[in-house]
Amino acid sequence: MYYLGENVYKNQCVSSRPITVYSGGVTIPPIYIRALSKEKGFIHKDLIDHLEVRWHKEHTAYFSKVSSINWYDAPVEFVVHLKNGKAISSGKRPPESILEAVDTMEKAWGIKVIRQGFKRGRMEKIVNLETVEEREL
């Protein structure tokens, strides 16, 4: 159950729930284990040491068996590294939401950001097994 909560749910289900950046911290929707904590996914900005943005060669969000959005060489995840040594993943999400959240925290709070890559990536939208849109991000 722990494995499912930490890995499968985080990478496949949590992306449908938004990341919210406030003036005093960020809320990453909690996975099952974090939902039991008193913070409920809220991380105070003073506890954050740095952020790490992760690029993936390919990430797919399925809408049905024949429709999806694929991102290639794009930033689809960030990890919040806390001052106490813990690391909290955002889960895989659309690159636009990752970049928006990271840019806001970097500019508003002055948080150090480590980037694994610098490309913005490419998006491909597939409907009924046919590519209907392709664009650079």
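In strand 7, Ile 114 is the bridge partner of Glu 52, where strands (E, at least two residues) and helices (H or I, at least four) are DSSP runs numbered from the N terminus. The model is predicted, so local features need pLDDT of at least 70 and side-chain atom pairs count only at pLDDT 80 or more, whereas totals for chains, interfaces and linings use all residues. Residues are numbered from 1 along each chain as its sequence is written, and side-chain values use heavy atoms, with hydrogens and water left out.

**Overall make-up**

- The protein has three helices and nine strands, and from the N terminus on its elements follow the order α-β-β-α-β-β-β-β-α-β-β-β.
- Of its 137 residues, 42% count as buried, that is, under 20% relative accessible area, with exposed meaning over 50% and partly exposed the range in between (1.4 Å probe, protein chains only).
- The protein exposes about 8,300 Å², of which carbon and sulfur atoms supply 53%; accessible areas come from the Shrake-Rupley method with a 1.4 Å probe, and for residues only the protein chains shown count as cover.
- Among contacts (heavy atoms within 4.5 Å) between residues at least 6 apart in sequence, 53% join residues at least 24 apart.

**Strand pairing**

- Strand 4 (residues 48-62) and strand 5 (residues 68-82) run antiparallel and are joined by 13 bridges, two strands being taken as paired if DSSP finds at least two bridges between them.
- These two strands, 4 and 5, form a hairpin with five residues between them, and Ala 61 stands opposite Ile 69 in strand 5.
- Strand 4 is also joined to strand 7 by four bridges, and this pair runs parallel.

**Salt bridges**

- A search of the whole structure finds six salt bridges, each defined as a side-chain nitrogen of Lys or Arg within 4 Å of a carboxyl oxygen of Asp or Glu.
- One of them links Glu 96 with Arg 135, with the closest N and O atoms 3.9 Å apart; because Glu 96 lies in helix 3 (residues 95-109) and Arg 135 in strand 9 (residues 130-136), the pair ties together parts that are 39 residues apart in sequence.
- Arg 115 forms a salt bridge with Asp 103, the closest N and O atoms being 3.7 Å apart; Arg 115 lies in strand 7 (residues 112-115) and Asp 103 in helix 3, so the pair ties together parts that are twelve residues apart in sequence.
- Arg 115 is partly exposed, with a relative accessible area of 28%, and Asp 103 is partly exposed at 27%.

**Nonpolar cores**

- The largest nonpolar core has 19 residues, of which Ile 43, Ile 48, Leu 51, Phe 78 and Val 80 touch the most other members; such a core is a set of buried Ala, Val, Leu, Ile, Met, Phe, Trp, Tyr and Cys residues joined through side-chain atoms within 4.5 Å.
- Strand 4, strand 5 and helix 3 each supply at least two residues of this core, and the largest share, five residues, comes from helix 3.
- Apart from this core lies another, of five residues, among them Ile 69, Trp 71, Ala 74 and Val 76.
- Leaving aside neighbours within four places in sequence, Val 80 is in contact with Ile 28, Ile 43, Ile 48, His 50, Leu 51, Lys 86, Ala 87 and Ile 88.
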